[in-house]
Amino acid sequence: MLLKPTLDDARRIAVDLGRILAVVAGAGLIPLAWAIALGEWKPAADLILMIGVAGALAGIAEMWRPKTNTQPVWGHGLIVVSLVWLVVPAVGAIPLALSGHYGDLIDAYFDAMSGLTTTGLATIQDLDHLAASTNVWRHSLQFLGGQGIVLAALVFFSASGALSLYEAEGRDQRIFPSVGSTARFIWLVSVVHGILGISALTIDGVVAQGFEWSRALFHGFTIFMAAFDTGGFSPQSTSVGYYHSASFEAVVAVLMLAGALSFGLHHAIWQRRAGLLRNIEVRTFATTVTVTLFVTLTGLAVGGLYTETSPLLRRGFFQLISAHTGTGFATVSSPELARWGGLAFAGMTVAMALGGMSSSTAGGVKALRIGLTVKSVLMTVREALTPSRTVISRTYFQYGRHRLEPDLAGSVMTVSLLYVALYLLGAAVGLAYGYGLAESLFESVSAAAAVGLSVGVVSPDMPVVLQLIMIFQMWIGRLEFIAVFALLGFSLSVVKGR
């Protein structure tokens, strides 16, 4: 029997949602300061409106707080997080919709959802002439989404149900016993990488490309947020290809890889802990990157699209790292990427589907699930082929020795299969609209795995139904299904509960 939620349940959810909207309002001050500094008064007014809406909603939610001090149940955190990734893009889309660079509200919401889920697919028109402050806001959405707006709320507020909020956001690894301490460490890692990454990119812009310091800082700031948070938005329509700099691409590649590593691994590296290469996730990620890179480069060599070794290796390596980390930066145009075909296209698609590590800013199935799934299958095969009295080790190493219980093996396989189903859903809709199988699957995986690479399907002229399907894919793929299922169950209990 479904139990109807009480008014206090709704109030508790609203308070946590409101506090996260307060973080969004605070984040809007960054592009607002940029707009005022550059004299971009129309974008500044748009940002003030957005900040006002977010702040007003946060204030209303705080006034509606529950009358009792009872702790929230586990499902509240799941529901809050699933609502966050629907409501925040709606609020965050306000400056985008008013910028004049989007055909309609759906286009603006698509880009806001793409930003918050760190996907990077875009339906913006004339990106090269977008106001700098609005561009900073697009990238700020990616930074918030990659770092986790919920994490920011846990840092600045004593959010109720901290653990459920933390894990509902798709982060299943606590670095410290306290969720708040873990959240602060994650933001510390981001700040350190930010200082180093923005400095390196800015210096490269001045030295290697001849930018003025202000312009170099703008590009360094926006590219860092998109690279480390594996988002893929770029201030220029030609993405990273705009810079024509091998050194710039090298810095971006390092930042993309850093963003795809779990924050637990960052902590272990900082602590100089031994035995990290024994971790099943590290081994799996290194293996899948190596294999997909080999497949992609082989496909490019066989295809003959690049006749010289240097551009083949440079383009192939950068695109593969961008795909596997779920970033979506490109040094080639969408039409050129569509011509890769064959093994290269397959290698890129598989890399996007697999994604980065768990508890990172990357999307996709995640290396830990892949590693545990493969290990579980191999153990099952060994058990079937060896004598019944043989003892088969059912353990794996991930920051220590753990037992691979049947429930854990089943759950990782279930989520992996759900991702496959999500990839096929988008591909089926693309096929229904007349796109080819390869390009439909590529774009579907790019949306559901929060990558952002495109071969031309995603555009301001794309079919509305396909656009809505991709919004759904970005949303449910970012939250890894469970939080969305909890929201659906909550909604059903509101309607049918007793």
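Biologist: Hi! Let's start with Phe442: is that residue buried or exposed?

Modeller: Phe442 counts as buried, because its relative accessibility is 0%. Buried means under 20% relative accessible area, exposed over 50% and partly exposed in between, using a 1.4 Å probe and protein chains only. This is a predicted model, so local features need pLDDT of at least 70 and side-chain atom pairs count only at pLDDT 80 or more, while totals for chains, interfaces and linings use all residues. Residues are numbered from 1 along each chain as its sequence is written, and side-chain values use heavy atoms, with hydrogens and water left out.

Biologist: Thanks! How many aromatic pairs are there?

Modeller: The count comes to 14. Rings of Phe, Tyr and Trp (its six-membered ring) pair if their centres lie within 6.5 Å; planes under 30 degrees apart are stacked, over 60 edge-to-face, and the rest tilted. One of the pairs is Phe345 with Phe442, stacked at 4.8 Å centre to centre with 25° between the planes.

Biologist: And where do those two sit?

Modeller: In distant parts of the chain, 97 residues apart: Phe345 is in helix α16 (residues 342–354) and Phe442 in helix α19 (residues 437–448). Helices are DSSP runs of H or I with at least four residues, numbered from the N terminus. Phe345 is buried too, since its relative accessible area is 9%.

Biologist: Why is the pair of Tyr419 and Phe481 edge-to-face?

Modeller: Because the planes are at 80°, with ring centres 4.9 Å apart. Here, too, distant parts of the chain are linked: Tyr419 belongs to helix α18 (residues 406–432), and Phe481, 62 residues away, to the loop between α20 and α21 (482–496). Tyr419 and Phe481 are both buried.

Biologist: Switching to Trp475, which helix is that in?

Modeller: Helix α20, residues 464–479. Trp475 counts as buried because its relative accessibility is 9%.

Biologist: What does the Trp475 side chain reach?

Modeller: The backbone oxygen of Ser82, at 3.1 Å. Beyond neighbours within four places in sequence, Trp475 is in contact (heavy atoms within 4.5 Å) with residues including Trp85, Met113 and Leu487.

Biologist: Last one, what about Gln142: buried or exposed?

Modeller: Buried, because the relative accessibility is 0%. Gln142 lies in helix α6 (residues 132–147), and its side chain reaches the backbone nitrogen of Gly232 at 3.5 Å. Setting aside neighbours within four places in sequence, the contacts of Gln142 include Ser114, Thr118, Asp229 and Phe233.

How values were computed: A polar contact is a pair of N or O atoms within 3.5 Å; within protein, one must be able to donate a hydrogen and the other to accept it, and residues adjacent in sequence count only if both atoms are side-chain atoms.
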